[in-house]
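Let's learn to read a protein fold together, one feature at a time. Have a look at the picture first, then follow the conversation.

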Amino acid sequence: MSSLVTSQHAEELSTGARQLGVNLTEAQHELLLGYLALLIKWNKAYNLTAVRDPDEMVSRHLLDSLSVMPFIENGRWRWLDVGSGGGMPGIPLAILFPESQVTCLDSNGKKTRFLTQVKLELKLDNLQVIHSRVEAFTPEQPFNGIVSRAFSSMENFSNWTRHLGDRDTRWLAMKGVHPSDELLALPADFHLDSEHALAVPGCQGQRHLLILRRTA
């Protein structure tokens, strides 16, 4: 374990994951702590996240990312994390679902350099890092799932990523307070498929997951 990561961090991750109903293997636990160590190290120079205190990163980044994992199907899915930033939830998604192909996309070069380093150091062969604006990104085929965490309004999320999915794609928007107003502004060809209130261990504020689908 890196000197940047303490046994308290390791225990908090184990306990929190169990509370979320996420069964981590020993290898996944180690990879998540390895990711945390890289996040702590690079954040000092690269300003990857507004959370500066490493003791807050387990709950606000790792466990917050893991909270949506029970809503993700296992299998050979193709996932896109839009506006991935420091890699949440894309990196944990790649660690937990090694059979899935996960793409982390961000327009900030510093952040994609960090994500590329994470891919190399943690040997995440199922992870792809793309430095691009979402509107300019044109993949070879639609994604099965598109996820965003504190990326933009749901209207923008839908409009900007419409070309990246199809009728079978699920859009997962990770939000804080329930975004009732944003749902009213959804484009006509999107509808709310399901919504879930999330209880993230160690996080005080509200957390919600909203799953969208294309109507046409």
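This is a predicted model: local features need pLDDT of at least 70, side-chain atom pairs count only at pLDDT 80 or more; totals for chains, interfaces and linings use all residues.

Q: How many residues does the largest nonpolar core have, and which have the most contacts inside it?

A: Start with the general idea: in soluble globular proteins, nonpolar side chains tend to be buried together. Here, the largest nonpolar core has 49 residues, and Tyr35, Leu66 and Phe114 have the most contacts inside it. Elements that each supply at least two residues include α1 (7-19), α2 (26-46), α5 (109-122) and β7 (207-214). The most comes from α2, with nine residues.

Q: Which residues is Phe114 in contact with, leaving aside its neighbours within four places in sequence?

A: Phe114 touches Tyr35, Leu38, Leu39, Trp42, Leu48 and Gly86. There is also a second, separate core of 18 residues, with Leu105, Phe137, Leu164 and Leu210 among them.

Q: In what order do the strands of the sheet come?

A: Strands of a sheet pair through backbone hydrogen bonds, either parallel or antiparallel. In this model seven strands make an open sheet with mixed pairing, ordered β3-β2-β1-β4-β5-β7-β6. At the edges are β3 (127-131) and β6 (190-198); each has a single partner strand, so one side of each lacks a neighbour in the sheet.

Q: How many bridges join β6 to β7?

A: Eight bridges join these antiparallel strands, β6 and β7.

Q: Which strands does helix α6 touch?

A: Helix α6 (residues 154-161) packs on the sheet and touches β1 (78-82), β4 (145-149), β5, β6 and β7. Another helix to look for is α5, which lies across β2 and β3.

Terms used. Residues are numbered from 1 along each chain as its sequence is written. Side-chain values use heavy atoms; hydrogens and water are left out. A nonpolar core is a set of buried Ala, Val, Leu, Ile, Met, Phe, Trp, Tyr and Cys residues joined through side-chain atoms within 4.5 Å. Buried means under 20% relative accessible area, exposed over 50%, partly exposed in between (1.4 Å probe, protein chains only). Helices (H or I, at least four residues) and strands (E, at least two) are DSSP runs, numbered from the N terminus. Contact means heavy atoms within 4.5 Å. Two strands pair if DSSP finds at least two bridges between them. Axes are lines fitted to C-alpha atoms, for helices over the stretch in contact, and angles run from 0 to 180 degrees between N-to-C directions.
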